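Notebook open. I wanted to look at the fold, the aromatic pairs and the surface of this one, in that order.

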Amino acid sequence: MGASTRTVPFAGFTLAVGSAASFALSGVFASALIAAGWSAGAAAAARIVCAAIVLAPPTAVLMRGRWPLLRRAWRAVVLFGVLAVAGCQLAYFLAIAYIPPSIALLIEFMGPVLLMLWLWGRTRIPPGAVTLAGAALAVAGLATVSLGGGEGADALHPLGVAFALVAAIGNAAYYAAGATSDHGIAPLPFVGLGLAVAAILLMIACASGALPFAVSAAPVRIAGAELPAVVAVAGMVLVSTVIAYVLGVAASRRLGATVASFTGYSEPLFGILWTIVLLALVPTGRQWLGAVLIVAGVVAVKLGELLSARTRRSAR
């Protein structure tokens, strides 16, 4: 019994870290495609539509005889597809057209801070001291990164920051929807259904002209080598989407939304690592400091929320 109890969290953390590392590669692949002439909308559509196609057969097989479960799960599936997949990924790809992928990831992962501020304004109930301190750290980290030299200076571009903040909202929705399991749908088909919703939404947007769609046959440059664009698309679809989402939802089911989100905050650090290794973009010392402040601040915000919830339960 004790061994089993220890094994489950370890497996959950392993899945969460693997998901974070896989997700972080999407910026590298998308950045290479955009630099080769692809529009952000085309890169996002290719990623989501192809991933939905890849997961369609196993989703259909695993949902055989279980389609009635969608009556309870449709809201969670739509929320996951619209906000956590389509909205988050499109906003992130639009952001990296203006700012470096690692900077966009750091801003995206300030989602819990934005939610905390929104709840504060809505309820007029001030958060605890730990939560406020964490928010201050995260904002200080964002300022530190934005004011850094070199590539970090581009983080002040208003469109890049705005799109990254929209992605932050989708990031929060990802953990909330992914941890919902009372509907009875397993992680893989849940992701497959969410990707299908996102794919339909993006295809409509592209077909109607609401979302600019441009592709290029020019080779992409990753790790100093020129590769066919299809290689970047395949990596973006299989590694950074299919594997990343399945691992992430499976981790959320084992760890819960809060603990999974803590582990997921390693994604911005993986993003910095991948940009160093694959794009040869080395952050400045100030950017490293900013990254640490943002991650530490967001973790403190979540810890403050947990402490506040525990205090409220004890007072009852």
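**Fold and totals**

I counted elements and got twelve helices and two strands in the protein chain. For the record, helices (H or I, at least four residues) and strands (E, at least two) are DSSP runs, numbered from the N terminus. Reading from the N terminus, I get α-α-α-α-α-α-α-α-β-β-α-α-α-α.

Caveats for myself: this is a predicted model, where local features need pLDDT of at least 70 and side-chain atom pairs count only at pLDDT 80 or more, while totals for chains, interfaces and linings use all residues. Numbering starts from 1 along each chain as its sequence is written, and side-chain values use heavy atoms, with hydrogens and water left out.

I then checked burial: 49% of the 316 residues in the protein chain count as buried (under 20% relative accessible area; exposed is over 50%, partly exposed in between; 1.4 Å probe, protein chains only). Contacts next (heavy atoms within 4.5 Å): of those in the protein chain with a separation of 6 or more, 87% join residues 24 or more positions apart.

**Aromatic pairs**

I searched the whole structure and found six aromatic pairs. The rule I used: rings of Phe, Tyr and Trp (its six-membered ring) pair if their centres lie within 6.5 Å, and planes under 30 degrees apart are stacked, over 60 edge-to-face, the rest tilted.

How are the rings of Phe80 and Tyr245 arranged? Their centres are 5.8 Å apart with the planes at 70°, so I logged the pair as edge-to-face. Phe80 sits in helix α3 (residues 70-95) and Tyr245 in helix α9 (residues 229-255), so this pair ties together parts 165 residues apart in sequence. Phe80 is buried at 0% relative accessible area, and Tyr245 is buried with 0% too.

Tyr98 and Phe163 came up next: centres 6.4 Å apart, planes at 25°, so stacked. Phe163 belongs to helix α7 (residues 158-178). I have Tyr98 as partly exposed at 33% and Phe163 as partly exposed at 24%.

I also noted a cluster, in which ring pairs link Phe23, Phe80, Phe190 and Tyr245.

**Surface**

The protein chain exposes about 14,100 Å², with carbon and sulfur atoms supplying 72% (Shrake-Rupley method, 1.4 Å probe; for residues, only the protein chains shown count as cover).

Which residues make the nonpolar patch? I found Trp74, Val78, Leu79, Val82, Leu83 and Leu201, covering about 460 Å². Helix α3 gives the most, with five residues. Leu201 is in helix α8 (residues 187-207) and is partly exposed at 39%.

Patch cut-offs, noted once: residues need over 30% relative accessible area and no salt bridge, with like charges joined within 9 Å and nonpolar side chains (Val, Leu, Ile, Met, Phe, Trp, Tyr) within 5 Å. A salt bridge is a side-chain nitrogen of Lys or Arg within 4 Å of a carboxyl oxygen of Asp or Glu.
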